[in-house]
Amino acid sequence: MPRLNFLEETRYEKLPVIVYPNQQEAANQVARKIAILIRGKQEIGKPAVLGLATGVTPVKVYQELVRLHKEEGLSFKNVITFNLDEYYPMKPDAVQSYVTFMNENLFDHIDINRSNVHIPDGTLAIDAMQSFCFNYEVQIENLGGLDLQILGIGRTGHIGFNEPGSAPNSGTRLVTLDDLTRSDAARDFGGKENVPTKAITMGIGTIFKAREIILMAWNAKKAPIIKKAVEGEISSDVPATYLQLSDNVEFVLDEAAASELTRFDTPWLVKDCTWTDDQLKKKAVIWLAKTLKKPILKLTEEDYNNHGMAQLAVEQGPVYNINIDIFNKIQHTITGWPGGKPNADDSQRPERAQPAQKRSIIFSPHPDDDVISMGGTFIRLVDQGHDVHVAYQTSGNTAVWDDDVLRYVEFAIDFENSMGNDNTKLKAVYDDMRQFIEQKRPNQLDTQEIRNVKGFIRKTEAIAGARYAGLQDNHIHFMALPFYETGKTQKNSVSEEDIQLTINLLQKVKPQQVFAAGDFADPHGTHVVCFNIILEALNRLKQTEEWVKDCWLWLYRGAWHEFETYEIEMAVPLSPHEVLRKRNAIFKHQSQKDHPVFPGDDIREFWVRAEDRNRETAANYNHLGLAEYEAIEAFVRYPF
């Protein structure tokens with residue numbers, strides 16, 4: 001019976017899917033499977049032929065394989081590898097090459113015979129390409145095919161670099177990269193314009209011949225394409241859907257990547273649910289209202305019965321009572337008092353009434369996340385008399401255009417001239433900067449002087465934004481957390497110093513409210529790193545300091561994604577005037593306006609993104625039958 005229940009639960013899924021709590025556990029399982037294959041082949045004196053992938057997805061798998069080699073004696077002497085793809089053109093010693101990637105993440109740390117390593121050659125002449133690709137296929141076939149192929153998946157649905165439009169029987173070949181694929185790679189290349197437009201890739205037909213295929217995906221950013229690949233119709237628009245035709249494939253996901261699959265996103269459609277979970281009930285009723293384009297209070301018993309929610313209606317009906325309950329829960333999230341309303345009954349409000357004036361810290365991972373994501377709430381907290389501090393966790397110095405550096409230093413030179421000061425040294429530094437920038441290679445590490453100026457630009461913009469919000473200078477803190485200060489897009493691991501700097505600031509302010517970025521879809525990963533530092537600091541302080549027990553941690557979003565309506569626990573409405581004030585605060589960040597260095601795949605300016613998302617949240621509330629506001633900033637309380 002449990003097996004039948006599971007089959008019912010996964011009936012929308014057209015291929016096998018295994019979901020692990022987190023990517024580390026999933027990666028360890030994949031690495032263990034590879035190790036079993038290698039050892040099994042060793043026992044019978046045969047090579048293990050592996051198809052390998054690059055990118056962020058397999059990194060933890062390779063780390064675990066390296067550990068197994070060093071700590072458990074796993075030998076790779078009988079392993080032969082074929083990599084999926086390589087950019088074209090690409091020199092093997094380039095930082096962005098997949099040769100470099102594989103060496104740094106795996107081959108330099110194990111005992112593999114280098115003659116057994118095969119990676120497409122990004123230096124080939126075009127007229128030699130067809131022959132190389134044919135021979136790549138022949139080498140695989142002569143070994144009896146791939147024993148195991150591991151894959152990631154791109155947001156276009158590509159596997160390898162088989163972009164939309166690829167044929168299911170395609171072989172190794174030169175391809176043109178999709179625009180979204182190039183956008184996703186832009187940070188590694190110092191800008192999209194530097195990303196190659198072509199790549200060499202194994203074909204879908206080549207991948208299909210592997211005796212076993214494992215596709216891995218981590219984090220919520222991959223959830224939409226995973227849903228299409230697993231539950232969608234087979235289509236050349238999403239090449240990964242071709243894997244539905246294979247009897248040898250398995251998708252290995254973490255919970256975030258699996259979150260949009262039907263069994264997790266709308267489980268009431270595939271199984272009986274435990275409706276004592278208020279969050280699930282809220283999600284289901286909001287989903288029903290949106291699906292039917294009805295306000296919550298107009299939903300009927302027939303609506304429930306026809307959309308997989310009959311069990312809820314039977315257990316907790318009549319449905320109008322359910323509607324009223326959910327409507328009230330959503331209504332109680334709305335507050336114009338994000339710091340709590342003084343002398344008010346706070347039993348149905350998201351924040352406490354006492355203390356009437358709270359000490360609040362807004363942690364901003366980059367120097368503009370505060371005003372982009374919660375600028376209206378920031379201003380309102382100050383206007384309502386709370387003791388507000390803002391802490392900029394990183395300098396943001398990788399996200400400034402080089403010509404802005406020259407412009408600011410030129411200003412400094414002219415200012416020194418106007419004051420009659422000697423600026424010989426400054427001019428010499430300027431000349432060195434200009435010469436460096438003129439010869440700079442894509443993604444090359446800036447000189448320390450250039451990094452300093454870029455940091456100064458972001459710092460002065462942040463000060464201007466915080467001052468506009470109403471803060472005094474002694475309430476504006478620049479942490480310059482060390483993990484970020486590499487000058488490169490690749491950051492260091494979090495250190496004890498990062499955590500201690502955060503502990504020191506928290507001890508100084510002793511806040512009743514902490515606001516932190518919860519936008520973990522940030523494509524650069526800085527948000528989640530900064531959040532984990534805050535969480536570690538608070539958890540340590542909780543063990544020794546009494547004030548932490550009265551401290552609430554609120555998460556905000558806005559720069560990249562917004563919370564779903566059912567997740568929101570505090571909704572702060574903004575008037576048209578407050579929307580304009582928020583916009584003006586964002587405008588203080590001039591280096592990020594118009595076209596920022598790392599915009600992600602959303603071409604809108606940050607202030608437009610923020611306003612659109614805030615207006616969309618307000619519209620969602622209105623469509624559910626609540627009051628019509630100009631915009632709403634949303635927050636979720638995080639327990640710690």
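**How the terms fit this predicted model**

Biologist: What covers the buried residues of H3?

Modeller: The cover includes helix H2 (23-43), strand S2 (48-52), helix H4 (98-105), strand S6 (148-151) and strand S9 (213-217). Please keep in mind that this is a predicted model. The residues of H3 that are buried are Val-59, Val-61, Tyr-62, Glu-64, Leu-65, Val-66, Leu-68 and His-69.

Biologist: How do you know that the span of helix H3 agrees with its 14 residues?

Modeller: H3 runs over residues 59-72, and at 1.5 Å a residue it should span 20 Å. The C-alpha atoms at its ends are 19 Å apart, which agrees.

Biologist: Why are H3 and H4 called oblique to each other?

Modeller: Their axes cross at roughly 40° and come within 9 Å. Angles under 35 degrees would count as roughly parallel and 65 to 115 as roughly perpendicular, and H3 and H4 are therefore oblique. On the H3 side the contact is made by Val-59, Tyr-62 and Val-66, and on the H4 side by Phe-101, Met-102 and Asn-105. By class, those residues are five nonpolar, one polar and no charged.

Biologist: And what makes H15 and H17 roughly perpendicular?

Modeller: Helix H15 (residues 402-418) packs on helix H17 (residues 448-469) at an angle of about 80°, and the axes are 10 Å apart. Since 65 to 115 degrees counts as roughly perpendicular, that is the word for H15 and H17. In this contact Asp-402, Asp-404, Val-405, Tyr-408 and Val-409 of H15 meet Ile-450, Val-453, Lys-454, Ile-457 and Glu-461 of H17. The classes here are six nonpolar, no polar and four charged residues.

Biologist: Why does Glu-9 count as buried?

Modeller: Buried means under 20% relative accessible area. Glu-9 has 17% relative accessibility, so it counts as buried. This residue is found in helix H1 (residues 2-9). Leaving aside neighbours within four places in sequence, Glu-9 is in contact with Arg-263, Val-270 and Lys-271.

Biologist: Why is Asn-219 called partly exposed?

Modeller: The label covers what lies between under 20% and over 50%. Asn-219 has a relative accessible area of 34%, so it is partly exposed. Its place is the loop between S9 and H8, and its phi is near 75°, a positive value in a residue other than glycine. Ala-480 is also partly exposed, with a relative accessible area of 39%. You will find Ala-480 in the loop between strand S13 (476-478) and helix H18 (496-509), and its phi is positive, near 45°.

Biologist: Which residues touch the most other members of the largest nonpolar core?

Modeller: Leu-65, Ile-150 and Phe-251 do, in a core of 85 residues. H2 gives this core its largest share, seven residues. Apart from it lies another core of 59 residues, including Ala-289, Phe-363, Ala-537 and Leu-626.

Biologist: Which peptide bond is cis, with omega near -5°?

Modeller: The bond from Gln-354 to Pro-355. Pro-355 is in the loop between helix H13 (319-331) and strand S11 (359-364). A cis peptide bond also joins Tyr-88 and Pro-89, with omega about -5°.

Technical notes:
Residues are numbered from 1 along each chain as its sequence is written. This is a predicted model: local features need pLDDT of at least 70, side-chain atom pairs count only at pLDDT 80 or more; totals for chains, interfaces and linings use all residues. Side-chain values use heavy atoms; hydrogens and water are left out. Helices (H or I, at least four residues) and strands (E, at least two) are DSSP runs, numbered from the N terminus. The expected span of a helix is 1.5 Å times one less than its number of residues. Buried means under 20% relative accessible area, exposed over 50%, partly exposed in between (1.4 Å probe, protein chains only). Contact means heavy atoms within 4.5 Å. A nonpolar core is a set of buried Ala, Val, Leu, Ile, Met, Phe, Trp, Tyr and Cys residues joined through side-chain atoms within 4.5 Å. Axes are lines fitted to C-alpha atoms, for helices over the stretch in contact, and angles run from 0 to 180 degrees between N-to-C directions. Angles under 35 degrees count as roughly parallel, over 145 as roughly antiparallel, 65 to 115 as roughly perpendicular and the rest as oblique. Ala, Val, Leu, Ile, Met, Phe, Trp, Tyr, Cys and Pro count as nonpolar, Asp, Glu, Lys and Arg as charged, and the others, Gly among them, as polar.
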